[in-house]
Amino acid sequence: MSKKHLPFESVSRRDLLKLGMGAGVIGPLALTAGNAKAVNTKAHVVIVGAGAGGLSMANRLTNSLQGAKITIIDAREKHYYQPGWTLVASGVWNKEKTETQVADWLPNSVNWVKGMVAEYNPDNNRVVLESGQLVDYDYLIVAAGLQLRYERIEGMDVNLIGQGKGIGSVYASMNAAAATNDEIKRWINRGSGTGLFTLAPTAIKCAGAPLKMTFTTLSRLENTGVRSNFNVEFMTPSGKLFSQPQVNAFVRQRFEEQSVKRNDFYTLKAIDADAKKATFAVRDSADIVRDYEFIHVVPPMTAPDSLMQSPLAFKQGENFTGFMKVDRETLQNPDYPNVWGIGDVMGMALNKTAASVKMQAAVLEQNFLAHLQNLPLPAKHNGYTSCPLITGIGKAMLVEFGWADTMAMMPSFSFIDPMAESWTVWVMKDRMLRPAYYAMLEGKV
Ligand SMILES: Cc1cc2nc3c(=O)[nH]c(=O)nc-3n(C[C@H](O)[C@H](O)[C@H](O)COP(=O)(O)OP(=O)(O)OC[C@H]3O[C@@H](n4cnc5c(N)ncnc54)[C@H](O)[C@@H]3O)c2cc1C
């Protein structure tokens, strides 16, 4: 174990408890649920999306509103702990560990409409479902997450993941994460060949996930004892590996040390699955076609179609076009003050992580309750983003940062150096963050 790897034993039990409730799914602990006094209202609050943000808000508002009607809209009946999928795709977790039922996290008093919103009509305080059902609201919270855009890569289809054609992608689903693990195993068993790891040209959720997939695969390749038989390359559309500058520099150096060739300004454009060939659009160059034995595909991501086409989205030519328009600090839509946002769907730099949702839920609850009482909005989101960056199987770094001071690190724990790899942070990722995430869904943290 290198000096940088903190032995687990050196961390006190109290520190570990702090870790469990803290970082990763985390954020500053000051803004926790239950701070606000219950507010009386007869309002109908509609939440779109029963993922991390929607469920957190349903639970928080159930506790902090008295007399309100709360409705949540989402057709999906299963809830997935998406941060666990990198561990599934790395062969560390069984996929079942990431699946629960939405119903398990919903308070009985919340009305669940099982359908998908097809249209937002904020001028009439109404959403229209794909079934044609109309749902009117007094207040709307949009928590619809991101839409994965595999179709923007010619020849790519989620059904190709894990079919023995060398295609993996941790993002698509729980099953795709498990199938990605199978595909990586097949590549390793072949004993040689090129693995290409891509990034998307759009904002993506958990921007660390493509790096984590590369690092855990490198661990597995090193374990074969014939790492040099495998060629590993990473393609970046923007020239950057990660938005936070220190982490970007760290990963660049680590890739050099681990003989990962970086190809900057390469955007995955097309895949020929049968021929195992990937075409990349390359800045200032003609397209380049590359053979691979394994490719990890990161799809472009946008807000869901229904939101993109609505008056709630940033317009063409604005920053964050197509994502939900909110004031980045208060999380309120500036054009429709009874509409609020939370989570990945919002247009703002960084923070498409569950850890950010934890922070945003506390801010949104406080501001929403103040708005109901005609009080000034008291809470401000600071762009908090967190990612336990897995740098190999058995080690990780707890990277936490926000918008301030050009994305300076915002460490939650004095005993963890954000730039040091440690087994402690790996243990946190492996064993503690899932319960902390579920506590967040329940509105407890
Ligand atoms: C592979 C992977 C690894 C990750 N790793 C981490 C990590 O290590 N740490 C971390 O903090 N975060 C991580 N994340 C990110 C984290 O999971 C997301 O940021 C978080 O789930 C965002 O919450 P959300 O509520 O915005 O969206 P989601 O949790 O995705 O939920 C969105 C919900 O909206 C619903 N919906 C969509 N459209 C509609 C519609 N039209 N009508 C009704 N409902 C709709 C969907 O069905 C879904 O249930 C990871 C994500 C992935 C995929």
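Author: For what follows, Ala, Val, Leu, Ile, Met, Phe, Trp, Tyr, Cys and Pro count as nonpolar, Asp, Glu, Lys and Arg as charged, and the others, Gly among them, as polar. The model is a predicted one. On that division, the shell around the ligand comprises 22 nonpolar, 12 polar and five charged residues. There are 39 residues around the ligand, and those that come nearest are Gly49, Gly51, Gly53, Gly145 and Gly343. At least two residues of the shell are supplied by each of helix H2 (52–64), helix H3 (85–89), helix H9 (354–372) and strand E23 (385–392).

The largest nonpolar core contains 131 residues, and Val142, Met324 and Val345 have the most contacts inside it. Helix H9 gives the most to this core, namely 10 residues. Apart from neighbours within four places in sequence, Val142 is in contact with Val48, Leu307, Leu312, Met324, Val339, Gly341 and Val345.

A further part is formed by paired strands. Strand E17 (residues 266–272) pairs with strand E18 (residues 277–282) in the antiparallel sense over six bridges, with Thr267 standing opposite Ala281 in E18. Four residues lie between these strands in their hairpin, where Lys276 takes a positive phi near 55°. E18 also pairs in the antiparallel sense with strand E19 (residues 288–291), over four bridges; there, Ala278 has Arg290 in E19 as its bridge partner. The hairpin of E18 and E19 has five residues between the strands, and Asp284 in the turn has a positive phi of about 60°.

Terms used: Residues are numbered from 1 along each chain as its sequence is written. This is a predicted model: local features need pLDDT of at least 70, side-chain atom pairs count only at pLDDT 80 or more; totals for chains, interfaces and linings use all residues. A residue is near a molecule or strand if its C-beta atom, placed from the backbone, lies within 6 Å of it. Two strands pair if DSSP finds at least two bridges between them. A nonpolar core is a set of buried Ala, Val, Leu, Ile, Met, Phe, Trp, Tyr and Cys residues joined through C-beta atoms within 7 Å. A residue is buried if 20 or more other C-beta atoms lie within 10 Å of its own, exposed if 12 or fewer, and partly exposed in between; C-beta atoms are placed from the backbone. Two residues are in contact if their C-beta atoms, placed from the backbone, lie within 7 Å.
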